[in-house]
Amino acid sequence: MMRAVKSLLFLFCCTTYCHAQIESLTIGRGDVLQVKVLEAPELEQSARVTDAGTVTLILGGTVQVAGLTPVDAALAIERVLVAGHYVLTPHVSVTLTQTITQNVTIMGQVRSPGSYAIGTPRPILDVIALAGGLTELADRRVTIQRKATKERIVFVVSNSANTALDESVAVFPGDTVIVPKADVIYILGDVGRPGGIAIVTNDSKLSALQALSLAGGTPPNAAPAHARLIRKQADGSHVDLPLQLSAMQKGKQPDIPLQPDDIVYVPFSYARNLAVGAGGLVASTSSAAIYKF
C-alpha cells in the first residue's frame, strides 16, 4: 500500500512539474478561476480576478495572481494557506475557466494580416486560418512571441499534413505571430518558366537541379553546359561562376545547393546570348515573376 501511495505521489509531482514547464497562458484581470484544495473540499470556489489583479479566498484573504500562470497561482495560494495555518500541507489546483477576450496579432505573409479576437488558446494552424492562410511567398518557419514571457517559439508549417498536425503548438491570447517572406532564387534564360522561385521546402533548401526542374527544364536549343551562377557576396557585390548543369544532369558532377538570391542563367544557344553580363542579369530579377512549387 505504501509503495502504491509513493508511486501516486511521484506521478503527481512529475505531472505538476511538466505542466509547469509547458504552461504559457497567464491570468489576467477579469478572468474567472476555479480554485480547489485537495485536503479541504469546502474551500473550493469560483473567483473572478479583480482590477487590482487579486482573488479573495474563502480563507486567507486576497492573493495577487494577475500575470501568473495557473500553476504559479496555485503555489501562491498554497503559501497563503500555510502561512495562515489554515492547511498544513495544501495541494491547490487553479483552473482558468473564463478569460477576457484578447487579440492575437498575426503579421507578415498571410492573406489578411491583423489582430483577431481569441478567448482561449488556439492551435497555430487555426490562427493562420483566421488570417486567411499563408501566401505563396510565405516562409514555412513561423515565429510566435508569447505576450507574458516574450519567449519566441519557431514552428515549421510542414508540407506534410501529418507532421503539421502532430507537431502543432498553441497560440495564447495576446501572443504575436510573424510569418516571414521566404527566400527566393532566380532561374533565367532558356528554361520553361523563367523567374523567381520561393524556397518553401521544410528545410528551406533548394538545389540547382531542383530549381531547373521547377523552372520547367531546358528546351533542345538551350546550352546548360554554359550555364552561370550569379551569387551575391557579403559586401553586396556579385560573383559570376560557371555552372555545369549539363554535367550535373548526366551525373558527372554532383548537384549543388543554392543560396538565397542566387541567379542561375541558362543561355539560349551556344551562339546566342552567351555574353549577357552579370549586371544585366541582376537587374532583370527586379521584374521577374516569383512562384512557388
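Helices and strands are DSSP runs, numbered from the N terminus. With that in hand, here are some close-up views of this predicted model.

View 1. Welcome to the protein chain, which contains seven helices and 18 strands. Of its 293 residues, 40% count as buried. The chain exposes about 15700 Å², and carbon and sulfur atoms supply 56% of that area. Now think about contacts between residues with a separation of 6 or more: 59% of them join residues 24 or more positions apart.

**View 2. Confidence along the chain.** How high is the average pLDDT of the protein chain? The average is 86, and 83% of the residues score at least 70. Among the elements, strand β12 (residues 176–179) has the highest mean pLDDT, 97, while helix α1 (residues 2–22) has the lowest, 42. Over residues 2–22 the pLDDT is below 50, and beyond near neighbours in sequence this stretch has three contacts in the model. A friendly word of caution: where pLDDT is low, the predicted coordinates should not be read in detail.

View 3. Rolling a probe the size of a water molecule over the atoms shows where empty space is left. In this structure there is one cavity of 30 Å³ or more, and the largest cavity has a volume of about 60 Å³. Which residues line the largest cavity? Look for V35, V37, L43, Q45, L57, I58, L59, I77 and L81. Strand β1 (32–37) and helix α2 (70–83) each supply at least two residues of this lining. By type, the lining divides into eight nonpolar residues, one polar and no charged.

**View 4. The second largest pocket.** About 220 Å³ of space lies in the second largest pocket. The pocket is lined by 15 residues, and the closest to its centre are T26, Q102, K147, A148 and P173. Its lining is made up of six nonpolar, five polar and four charged residues.

**View 5. G133 and the residues around it.** Find G133 in the loop between α3 (124–130) and β9 (141–145). Is G133 buried or exposed? G133 counts as buried because its relative accessibility is 15%, and buried means under 20%. Leaving out residues up to four places away in sequence, G133 touches Q109, V110, R111 and I128. One of these, Q109, lies 24 residues from G133 along the chain, and the C-alpha atoms of the two are separated by 8.7 Å.

Definitions and conventions:
Residues are numbered from 1 along each chain as its sequence is written. This is a predicted model: local features need pLDDT of at least 70, side-chain atom pairs count only at pLDDT 80 or more; totals for chains, interfaces and linings use all residues. Side-chain values use heavy atoms; hydrogens and water are left out. On a 1 Å grid over the protein atoms alone, a cavity is a set of points where a 1.4 Å probe fits but cannot get out, and a pocket is an open set with protein on both sides within 12 Å along at least five of seven lines; lining residues have an atom within 4 Å of a point. Grid points are joined across faces, edges and corners, and a volume is the space filled by probe spheres set on the points. Ala, Val, Leu, Ile, Met, Phe, Trp, Tyr, Cys and Pro count as nonpolar, Asp, Glu, Lys and Arg as charged, and the others, Gly among them, as polar. Helices (H or I, at least four residues) and strands (E, at least two) are DSSP runs, numbered from the N terminus. Buried means under 20% relative accessible area, exposed over 50%, partly exposed in between (1.4 Å probe, protein chains only). Contact means heavy atoms within 4.5 Å. Accessible areas come from the Shrake-Rupley method with a 1.4 Å probe; for residues, only the protein chains shown count as cover. pLDDT is the predictor's confidence in each residue, from 0 to 100.
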